[in-house]
Every structure is written in structure tokens, then in C-alpha cells.
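Good morning, and thank you for joining.

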Amino acid sequence: MTAGQVVRRTGYVAFMAVVLAFFAVPMLWLASAPFDSDPGLGLQWPDWTLHNWQATFDHPYALGSLVNSVVLCVVATAVTTVLATLAAYALSRVRIPGRDALLYLLLLLSSVVTGTAAMVPIFVMMFQLGLINSQYATGLVIAGGMLPAAIFILKDFIDSVPRSYEESARVFGASPTQVLLHVVLPVARPGIATILVWAFVQAWGNFLLPFLLLRDVEAQPAAVLLTTLKDEGGSANLTVIPVFSLLYAVPVVALYLFVSKRYGFRFHGGIKA
Amino acid sequence: MVSAPPAEAAPKPRRDPGNRDTAGLGVGRAVGFLAPGMLLIGIFLIFPALWTIYIGLTNYSLTGTASTSPAFVGLDNFAEALDDGLFGNALWLTLLYVIGSAVLGQNILGFALAWFLRGARPWLRRTVEAFVLLSWILPSVVVAYLWIALLDRDGGTLGALLGSPGTAWLVEYPMASLIVFNTWRGTAFSMMLYGSALAVVPPSQLETARSVGASGWQTVRDVVFPHIRGHVLTNTLLISLWTANDFTSFLLTAGGPNHESETVPVFIYRQAISSGRLGYAAAISFLLLLVNLVVALVYLLLLRKRS
């Protein structure tokens, strides 16, 4: 090796080490603090205990908020997946007048009307309708925000489903609904599963909308409760926060692992899927 | 009822099979399939976006007389925004945030990772990618706690690593901390996008560059960049748009101390909910919507030109 190669090799190793440390160090706290008998904010080798887990399960709102998260996510995910599948199928197979314009509009909407930009009118709308603290309404709002992107991705998937299957089914006298249920859905399953997981993860992690629309602690999902966990002294409750963070984060990571193992980590124009 | 749709009956040869209604759905039923989704999008996206314009022209507020009978004030809210030092401050901080963490941070780090991981050993590549992706997929509330713990004054990991606890990073350098944080948070997207973009650079050209003794930087500038210029542009637009709308910074600093990290999204929230000035906040939201619209239109134009 020449001197230049040694320098380059050293630089490469140093770069990788720094990058790895930069990305990994902030996460280690999530692995150590939940099991530490005296959890602090700093990273330390834990004095192993499961006491924090007991304290978290005993917390009056912790488990309830996880249930709230599930309710919110199931509403948002089910509505998004079902409506997006129907819409994407129609857009993929039938040349509705103005279809291309509609597709462009959907693509624009998915990135222009962000939760941040629309928080004022959405808050005012729900406030005037008396729907503040309604989990179902909040789930619908979240679904509305996810639909354009979901339709767009699913249309891509359904476009790639061969039409010959549908033709054969039609030849044998299947009705359009039967074709959709028994032919298209099974073949488009990877796409639908991707949307299902994507929507669930998005809704699970959404903080702004539930934070705005669910002011009552009984209705709040984990994302919002987590930001309000205080101990008796009013400072951050370090017994519960690490465990609860871990409990709340695990489903997201598990779902990603599941999808990437089963269907490959796919990359759809800017959408985490 | 389901008669042959016009496209099916048309005798002219069709080149795009997408126009053929193989499922026999018919336009009527197709519109029926489309309607529920469009209804939800109409209620929760299009209507709010349009309503923002109207609310922004009133003095609507959360409490007081203006909450029950808001008055039409024309462009007063926009005139006020021009004079509002706090809004100017929010715009400036958002610009810093976007340029620092998206245009420079995520873009450069994302490209560097994609570039240097190409030839890396599989275990190294997988490990680095796993951590970069994890920082992207973890829920924002959890990520916020991770960084609060990292940057805390007394027990923070960063202080311990540097051997000098006592610096309250989020209080003393709030914007710089947020920029580093958001670079950490969002680099995965650029890394993946550039990873797939680099696959289109012909290996023979890289080979030629190496054989004539071009340095790494020269290769990137003269061989790689011309191929991925379009990707750089679209990537920068997307991550800038997301960063400008990012609300996660609220979870780390809530805009403080003393408005020093109050980007436009946090400014809107504080005006609307904390101060109850819904009309004013809606006017600012409308400006944000306009900026988003312009960026998204440019993005679509670029995509169209490429394909």
C-alpha cells in the first residue's frame, strides 16, 4: 500500500465510524434506560431491573393510551386502505373523464396540504362541529390526509396486475364486484399490504393532529400522552418515559421488518413504505 | 346495466391497455368506487385548504367576541405579518432550518453515504443502513426524547462523551441543535434516493475515470453529477418541502427559548392555539400553502420533463 492509499483507507474507516456513531449513539438510550434502576438522561450501563416496566403498567393512562392509539390507527388505516383500493382500481381500469387531471391533483394534494399548513382550518372545523376529543373523527381526518398518496401508490400496483386474469374471469361470467374481490385483490395483495402497513405506521406516529384534536387525556393516543408524562415534581418522568417509548416504538419497527422481509423494502416517490 | 363501455366499442387500435375496461366496471360504477375516497379528500384536504383563505381574511379568534362573531378584516392579517418581527424571525429560522438541515445536511450526507456504501462490505453496509433507516422510521415523539436525552445539560450523553457536561445545547444553541437533529432524522431518504440514482451511472464511465487517475471528487463532479442532476434537484425540492413543514422541532424546543427556534410551523401553532389568534394564523398558513404549492408544481414539472 502506498502512503496515499493508507491515508484514503484511514479516512474511509474514520468516516464510517463517525457516521455510525452519529446515527447509533442517540438510539442507545432507548435500549438501556428502560432497564436501568436509576434511569437518567445520559447513557450508562444499566443497573438491570424490571421495576420501570411495573411502574409503566401501573401508570393510570399509559396502557389506555396504547389502546387509544390502536383504535385511532385501526379507523384511519381501515378507511384509507378500503377507500384507496376502490379508488385506485377504478382509476386504473376505467378511463373516467378527467382522470389524468385528477391524478395530478392527488399528487399535488398529498404534498401541498400538510398537517402543518392545514392545522388551523381543521382545528376550527372540528371545534365548530363539536368533534374535539372524538377519536373516530380524528381517525377520519388522518385518513383524509393519507388518501391521496395511498391512492397514487396503489394505482401503480394495480396497473401492474395483468388484465388477462380479469378478462378470463369475465368470460366465465363473474360480475365486476366478484372480479375485484376474487381476482384483483388477491393478486394486488403485496400492494395492499404495503399500504396497510404504511398507513398504520403513519397514523401511529402522527403527533400533530391528535395533539390538536384530542385534548382530553382519556382519549389521547400514545404519541400525545408520551409528551405529557411528568412525575410528582413536574419534571419528565424518567421511570415511565423510556419504557413507554420502547413499547410505543416497537410496533413500528416490527411492521417495517415484516414488510421488508416479506415484500422487500420498496421505495415509492417519497413515501416511507 | 353494464353495457360495453365506449372504449371497448371503439374500433381504433389502442396502444395504451390502461384504457381498456377489462373488468367491465363501466364509468358509472367506477365513479361510485372513486366517490367515497374523493369525498373524504374533499372534506379534510380541499375544503380546509380553501377555508384557510377565508379565515385568514377575518379576525376570528379562539376566545372573546371575535370567537362568536368574527369580522371581515380584508388583508389586515397579511399587512400585520409584514410588520410582525416574530413572523420575520420565523421565516428566517425556517430558511436556516431548510438550508442547513435539508439542502446541505441531508443532501450531502445522504449522497456521501450512498456513494461510500456502494463498495462497502455487506455487513458494514447493512449495519449503517439499518441505523440510518431506524432514525427515519422511529416515531417523532420517541426521537424527540432521544435527542433531549442526548443534549441534556447535566446528564446528557453528548456532554459526557465530550467530557464537558454543563452545556444545555437545546437552550444555548437551539437552531444549530435542530439542524443537526433534522439531518440525523431525514438523511435516510436522500441516501436511498441517491443509492438508486447511482445505479444508473454507467460503470464503464467510472472505470474510465479511474483509469485516467481522476480523484474521487473529480469523478463525482464530472462523471456522476451530470447523470444524477435531475435526482439532486427533485430530492432537494422534496426534502425542503418536508423540512419547511416539519413540526417535530416543536417537541424538542417548543420554539424556545424566547422564540429562538420558532420556525413557521411552530409559529402557526403558537399563534393559533396558544394565543388563540386563528385569523392571523390562518393567513400565515395560507402563505405556507402557497409556498408548498409552488415547490410541488416545480417538482411535478421536473418529473414530467424527465419522463
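Two residues are taken to be in contact if their C-beta atoms, placed from the backbone, lie within 7 Å. Please bear in mind that this is a predicted model.

On that basis, the contact draws 80 residues from chain A and 77 residues from chain B. Which element of chain A gives the largest share of the side that touches chain B? It is helix H1 of chain A, residues 3–32, with 13 residues. Sorted by class, the side of chain A that touches chain B holds 60 nonpolar, 12 polar and eight charged residues.

Let me turn to a pair of helices within chain B. Helix H14 of chain B, residues 264–274, and helix H15 of chain B, residues 278–306, have axes that come within 8 Å and cross at roughly 160°. Since angles over 145 degrees count as roughly antiparallel, H14(B) is therefore roughly antiparallel to H15(B). The crossing of H14(B) past H15(B) is left-handed. From H14(B), the residues involved include Phe267(B), Ile268(B) and Gln271(B), while those of H15(B) include Tyr280(B), Ile284(B) and Leu288(B). The contact of H14(B) with H15(B) comprises nine nonpolar and two polar residues, and no charged residues.

Finally, the core. The largest nonpolar core has 160 residues, of which Ala87(A), Ala90(A), Met119(A), Val120(A) and Ala150(A) touch the most other members. What does Ala150(A) touch, not counting residues up to four places away in sequence? Its partners are Thr80(A), Ala84(A), Ile195(A) and Ala199(A), with that exclusion applied.

Key
Residues are numbered from 1 along each chain as its sequence is written. Chains are lettered from A and ligands numbered from 1 in the order in which they are written. This is a predicted model: local features need pLDDT of at least 70, side-chain atom pairs count only at pLDDT 80 or more; totals for chains, interfaces and linings use all residues. Helices (H or I, at least four residues) and strands (E, at least two) are DSSP runs, numbered from the N terminus. Ala, Val, Leu, Ile, Met, Phe, Trp, Tyr, Cys and Pro count as nonpolar, Asp, Glu, Lys and Arg as charged, and the others, Gly among them, as polar. Axes are lines fitted to C-alpha atoms, for helices over the stretch in contact, and angles run from 0 to 180 degrees between N-to-C directions. Angles under 35 degrees count as roughly parallel, over 145 as roughly antiparallel, 65 to 115 as roughly perpendicular and the rest as oblique. A crossing is left-handed if the near helix is turned anticlockwise from the far one by less than a right angle, and right-handed if clockwise. A nonpolar core is a set of buried Ala, Val, Leu, Ile, Met, Phe, Trp, Tyr and Cys residues joined through C-beta atoms within 7 Å. A residue is buried if 20 or more other C-beta atoms lie within 10 Å of its own, exposed if 12 or fewer, and partly exposed in between; C-beta atoms are placed from the backbone.
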